[in-house]
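Visitor: I have a structure open and would like to go through it with you. Could we begin with the strand pairing?

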Amino acid sequence: MRPPTPLTGEPTQRDIDAAMAEADRRPPPDPDHPDRDYPPYRSSALRHPKQAPLPVVDPEAVELTGPVFGVTDVSALDNDLTLGQTGEPAGQRITITGRVLDRTGRPLAGQLVEIWQANAAGRYAHDLDQHPAPLDPNFTGSGRCLTDSDGEYNFTTIRPGAYPWRNHLNAWRPAHIHFSLFGTAFTQRMVTQMYFPGDPLFPYDPVLRSVTDQSARDRLVAVYDHDLSLPEWTLGYRWDIVLGGPARTLFEDR
């Protein structure tokens, strides 16, 4: 297969690097959140809210129009993304675990945690993903679980690959997994991304670099934990999610 023809007239990596360096120098308008309008992340100009939020007159009506998860409860196997197909998925099997904590460090039990991700070749099992990388018939790329009494979640999956996203010429997203937490209601949903340590694409990614506070950016990166690795089976990563306070995990609000 021949590689796709690059888009013409797109910003180069040098242009994006210069824009990210300029953005890093300016103070964020809100110290508690990254700048919603981050020029190097080009689609943020179209996606971030520009008006004040509207008050909800009838909160229960909003709940009734929210998504549902089908007629079955979350099962014990929903957290293993390597199961449920006819064969083994391609790629490096990994285990991800961590705790969901409130701003005081108290573990939150019974929280619905969902993940979705690209496969080992960097392609999502979605019709809109036209990246010319192979689909994996044995990997759907999504799973869910409930946190236990210690606030802990656990997933077994495949380490995702990097993929192009055409924000600029030769733009590639670092390997990452999307996390969604619902709290106690659908209107409390928060979405974020977990990254892997030592990824060489970190300096080139405007999405991660939009978090200009380095300590907050570091908290989006999982830690390799050898004690979580299982012999001849998985590599283990630990990533805690903190919902508030100075050690909070930053969530997407675009």
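This is a predicted model: local features need pLDDT of at least 70, side-chain atom pairs count only at pLDDT 80 or more; totals for chains, interfaces and linings use all residues.

Visitor: Which residue of E4 is the bridge partner of Arg93?
Guide: The partner of Arg93 in E4 is Ile158.

Visitor: And which strands pair with E1 in the parallel sense?
Guide: E10, residues 235–238, pairs with E1 in the parallel sense over four bridges. E11, residues 241–242, is also parallel to E1, with two bridges.

Visitor: Which strand pairs with E10 in the antiparallel sense?
Guide: That is E9, residues 223–224, which pairs with E10 over two bridges. Tyr224 of this pairing stands opposite Tyr237, the residue that is also the bridge partner of Ile96.

Visitor: Back to E1: how many of its residues are buried?
Guide: Eight of the nine residues in E1 are buried, and the strand is mostly covered. E8, residues 190–195, is mostly covered too, with five of its six residues buried.

Visitor: What is E8 joined to?
Guide: E8 is joined to E7, residues 176–181, by six bridges, and the two strands run antiparallel. Within that pairing, Phe179 has Thr192 in E8 as its bridge partner.

Visitor: Take Ile241. What is it in contact with, leaving aside neighbours within four places in sequence?
Guide: Ile241 is in contact with Arg99, Val100, Leu101, Tyr153, Phe179, Leu181, Thr249 and Phe251.

Visitor: On to H1. Which of its residues are buried?
Guide: The buried residues of H1 are Gln13, Ile16, Met20 and Ala23. Seen down the helix axis, they fall within an arc of 85°, so they line one face of H1. In an α-helix there are 3.6 residues a turn, so residues three or four places apart point the same way.

Visitor: What does that buried face pack against, and what is on the other side?
Guide: The buried residues of H1 pack against H4. On the other side, Arg14, Glu22 and Arg25 are exposed.

Visitor: How far does H1 reach?
Guide: H1 has 13 residues and spans 18 Å from its first C-alpha to its last, close to the 18 Å expected at 1.5 Å a residue.

Visitor: Changing topic, where is Asp37?
Guide: Asp37 is in the loop between H1 and H2. Its relative accessibility is 32%, and Asp37 therefore counts as partly exposed.

Visitor: What does Asp37 touch, again leaving aside neighbours within four places in sequence?
Guide: The residues in contact with Asp37 are Arg26, Ser44, Ala45 and His48. Ser210, 173 residues away in sequence, is 9.0 Å from Asp37, C-alpha to C-alpha. Pro49 is twelve residues from Asp37 along the chain, and their C-alpha atoms are separated by 9.0 Å.

Visitor: Where does Pro49 lie?
Guide: Pro49 lies in the loop between H2 (44–47) and H3 (59–64). With a relative accessible area of 43%, Pro49 is partly exposed.

Visitor: What does UniProt list for residues 96–124?
Guide: An unreviewed UniProt entry lists those residues as "domain: Intradiol ring-cleavage dioxygenases". In the model, the span is 0% helix and 38% strand, with its end C-alpha atoms 19 Å apart.

Visitor: Finally, how many helices and strands does the protein have?
Guide: The protein has five helices and eleven strands. Of its 254 residues, 41% are buried. Among contacts with a separation of 6 or more, 69% are between residues 24 or more positions apart.

Methods. Residues are numbered from 1 along each chain as its sequence is written. Side-chain values use heavy atoms; hydrogens and water are left out. Buried means under 20% relative accessible area, exposed over 50%, partly exposed in between (1.4 Å probe, protein chains only). Two strands pair if DSSP finds at least two bridges between them. Contact means heavy atoms within 4.5 Å. The expected span of a helix is 1.5 Å times one less than its number of residues. The arc is that of the directions from the helix axis to the C-beta atoms. UniProt positions are given in the numbering used here, feature names are shortened, and annotations may be inferred rather than shown by experiment.
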